[in-house]
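Biologist: I'd like to learn how to read a model like this one. Could you take me through it feature by feature?

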Amino acid sequence: MLFFIDTANLDHIREAAELGILDGVTTNPSLMAKEGISGEKEILKHYRTICEIVGEGRDVSAEVISTDFNGMVAEGKKLAEVHENIVVKVPMIKDGVKAIAHFTEIGIRTNCTLVFSAGQAILAAKAGATYVSPFIGRIDDISWDGMQLIEDIYKIYDITGYETAILAASIRNPLHIVQAAKAGADVVTCPLSAILGLLNHPLTDIGLEKFLADYKKVNG
Ligand code: E4P
């Protein structure tokens, strides 16, 4: 399972990359706004910087703002030109599906975002999306079962042979990562806090403290 970081924060991206476990990055307009990135020039520059930090072969999802076919295609092409790592992120709407099918045809990779049902995931795969992004946390937020959706999509893609990768998004905590792995997600995209949270176990801390104390007893 691949690990993406879900942020536009350069320090967080650097920290995850330095850990040596980072396979890619996802961003969205809210995350870009959080970092104060605005205006086409600055936005494209920020995506280029992210691509350079993560290095070759690591996918970076950059989302279109347009909601009509022509707008999404024009924007997507511009984003794809920034760097070969760029994957164009397109919302799950009618024109979005059409744009994904077009991008597939012309060889631009896509991430179909804002997916909340298995039916939407089927459409994304039919259009040839490289990734489909079911939003686990936001489904849990309304008291539905986000992880069940990952299981359903996994089963459908397995039966049908769709090649779209399941990118579990809207991950909020380390347990989500473990559950997404068990449910068959190909990728998890998560904030740095959830990635670092995987490190924690009190028995690791207690065990290490004891090892170091015992070493000190005989070595001074
Ligand atoms: C996915 O690509 C989105 O950027 C993201 O995972 C949304 O997460 P949120 O629901 O925590 O905003």
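Predicted model: local features only at pLDDT ≥ 70, side-chain atom pairs only at ≥ 80, totals over all residues.

Biologist: In what order do the eight strands close into a barrel?

Modeller: First, the rule: two strands pair if DSSP finds at least two bridges between them. Here the barrel order is β1-β2-β3-β4-β5-β6-β7-β8, with parallel pairing. From one strand to the next, the twist averages 30 degrees; axes are lines fitted to C-alpha atoms, for helices over the stretch in contact, and angles run from 0 to 180 degrees between N-to-C directions.

Biologist: Which helix packs on the sheet, touching β5 and β6?

Modeller: Contact means heavy atoms within 4.5 Å. The helix you want is α6 (residues 118–126), and its direction makes about 165 degrees with that of β5 (110–115).

Biologist: And how many bridges hold β7 to β6?

Modeller: Two bridges, with β7 spanning residues 165–168. Y131 has A165 as its bridge partner in β7, and V132 stands opposite I166. On to the next neighbour: β7 is joined to β8 (residues 187–190) by two bridges, again parallel, and L167 faces V187 there.

Biologist: Are the residues on the two sides of β7 buried or exposed?

Modeller: Buried means under 20% relative accessible area, exposed over 50%, partly exposed in between (1.4 Å probe, protein chains only). In β7, A165 and L167 on one side and I166 and A168 on the other are all buried. Strand β4 (residues 86–91) is mostly covered too, with six of its six residues buried. I86, V88 and V90 point one way, while V87, K89 and P91 point the other way. Across the protein chain, buried residues make up 45% of the 220 residues.

Biologist: How many aromatic pairs does the structure hold?

Modeller: A pair of aromatic rings is described by the distance of the centres and the angle of the planes. Rings of Phe, Tyr and Trp (its six-membered ring) pair if their centres lie within 6.5 Å; planes under 30 degrees apart count as stacked, over 60 as edge-to-face and the rest as tilted. There are three such pairs. In one of them, the F4 and Y131 ring centres lie 5.7 Å apart with the planes at 75 degrees, so we call it edge-to-face. It links distant parts of the chain, as F4 in β1 (residues 2–6) and Y131 in β6 (residues 131–134) are 127 residues apart. Both F4 and Y131 are buried.

Biologist: Which ring does the charged end of K98 sit over?

Modeller: The test is that NZ of Lys or CZ of Arg is within 6 Å of the ring centre and within 35 degrees of the ring normal. For K98, the ring is that of F69, and the charged end is 4.7 Å from its centre.

Key. Residues numbered from 1 in each chain as written. Heavy atoms only, no water. Helix = DSSP H or I, 4+ residues; strand = E, 2+ residues; numbered from the N terminus.
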